[in-house]
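Hi everyone, thanks for coming. Today I'd like to walk you through one structure, step by step, so please have a look at it with me.

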There are 2 protein chains.
Amino acid sequence: MAYEFYYWPWIQGRGEVVRLALEYAGASYVDIGRGSEDDGQGVAAIRAFLASDAAQPQPYAPPFLKAGDMVISHAANILLFLGGWHDLAPADEAGYLWAHGLQSMVSDFVKEIHDTHHPISNALYYEEQMEPAKLRSEHFLEIRAPKYLGYFERVLAGNPAKSGYLIGENPTYPDLSIFQMVAGLRYAFPKAMARIEPDFPMASRLHDTVAALPRIAGYLASERRIPFNEKGIFRCYPDLDD
Amino acid sequence: MAYEFYYWPWIQGRGEVVRLALEYAGASYVDIGRGSEDDGQGVAAIRAFLASDAAQPQPYAPPFLKAGDMVISHAANILLFLGGWHDLAPADEAGYLWAHGLQSMVSDFVKEIHDTHHPISNALYYEEQMEPAKLRSEHFLEIRAPKYLGYFERVLAGNPAKSGYLIGENPTYPDLSIFQMVAGLRYAFPKAMARIEPDFPMASRLHDTVAALPRIAGYLASERRIPFNEKGIFRCYPDLDD
């Protein structure tokens, strides 16, 4: 039975790390938000699901995944689930908790990236918070992005398997997310990333390695990969890129 | 063997939801940061652990938990681990993922609460970002806090067991965290919470129920519970409480 993946159809957003894992696993899934309303899919189906009180567990917001009767919310939590069933993380307890700890770092990173353009409120437009956004972005690019990337770099360097991946010999779901972080930062902050990225050669190389994995390469070349745009997490606002 | 819990000794902070779970479980643990440097503990031991490249997995920052050879980072991830071993969450896959999804919401909430006083950068003092902090707090109190509390209220109301807890008949680790959220919000925003909290009677009652659980009551009355203060997540800045 195919998974049902619920996320907004117009952005990569918080859901993209899940799409990447589903694609890399070769899992059978329906991207509900991108389906047709005539088939009971589309945004209307997402909103209907969220408005219904019938089901517990009740997710707060997309992304969430339906797997048979189960409803799993939050990107990192969905990856915890997929990791176990699709061999995208170590199977032993220490290993899957390590993978999930790394993914929790990615979740924190995503939140900070989002807040570069929305430091005051996501109920306001970017244009209404440009001044604090500029300040927050400066601090993000000078301090926070190098901290996160530096941590992942250290983990990559410290992997005893020396595989170029974060854990062991093979890609795990956090590797796919590092690809997404690097790709997104390059899109959102091209000037700053040209300056920052050379300090993190292993993360940079991991991006390229993941992009070349056959199923990921196929996905990225397909229409299933939504282009970056200024509605998602990674937004290219030249005023913020310095 | 006792767990070793690593977190800053002067705040409740992001670590408090873990302390609550350890206490409620009656688990044997050493709060390393609060120990004596003469015993190889204290803040020096935390910093030494973070600086060492010897061990993988390498945490990025406290809180983290050592359980035998395992090192588990991120509060929600630590709770995922403790939930399984101490019966603080359902044992079946749908159930533990549901508990972890709720805890992921708590993590998001904590981040937003932190950013009310640090909307620009955690490398700056509050006093250097008071103006955006005021704006962010207004939006937080008007929109975000009611959204989060409203979601938890809906989950409490929707629990088929009608137990007053989030999941099933008994307390699980997210219940302990809801206690912490309500207690912290009351501390940080007393004026606003007096206005907001009556809209969320089940969350309010859950706070009181958890506070009265014998092991939690014992913990709260002990010196192990660090008082709220203006270095943690929940800070009482009257300028932000409106």
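Predicted model: local features only at pLDDT ≥ 70, side-chain atom pairs only at ≥ 80, totals over all residues.

Let's start with chain A. Its four strands make an open sheet, and the order across it is β2-β1-β3-β4, with mixed pairing. At the edges you find β2, residues 29-31, and β4, and each of these pairs on one side only. If you ignore direction, neighbouring strands are turned by 20 degrees against each other on average.

Now let's zoom in on β3 of chain A, residues 64-67. Which way do its residues point? Phe64(A) and Lys66(A) point one way, while Leu65(A) and Ala67(A) point the other way.

On one side, β3(A) pairs with β1, residues 3-6, in the antiparallel sense over three bridges. On the other hand, its pairing with β4, residues 70-73, is antiparallel over four bridges.

What joins β3(A) and β4(A)? They form a hairpin with two residues between the strands, and Gly68(A) there takes a positive phi near 60 degrees. Then there is helix α3(A), which lies across β3 and β4 of chain A and runs at about 130 degrees to β4(A).

Let's move to chain B. Here we have an open sheet of four strands in the order β2-β1-β3-β4, again with mixed pairing. Why is one side of β2 and of β4 in chain B left without a neighbour in the sheet? Both stand at the edges and each has a single partner strand, so one side stays without a neighbour. Further in, three bridges join β1(B) to β3(B), and these strands run antiparallel. In this chain, Tyr6(B) stands opposite Phe64(B). Helix α3 of chain B, residues 75-85, lies across β3 and β4 of chain B, at about 130 degrees to β4(B).

Last stop: the contact between the chains. How many residues take part? Chain A gives 36 residues and chain B gives 36 residues. In chain A, the elements that give two or more residues to this side are β4, α3, α4 (93-117) and α5 (130-158). By class, that side of chain A has 19 nonpolar, twelve polar and five charged residues.

Technical notes. Residues numbered from 1 in each chain as written. Chains lettered and ligands numbered in written order. Buried ≥ 20, exposed ≤ 12 C-beta atoms within 10 Å, placed from the backbone. Pairing = 2+ DSSP bridges. Contact = placed C-beta atoms within 7 Å. Nonpolar A, V, L, I, M, F, W, Y, C, P; charged D, E, K, R; others polar. Axes fitted to C-alpha atoms, helices over the stretch in contact; angles between N-to-C directions.
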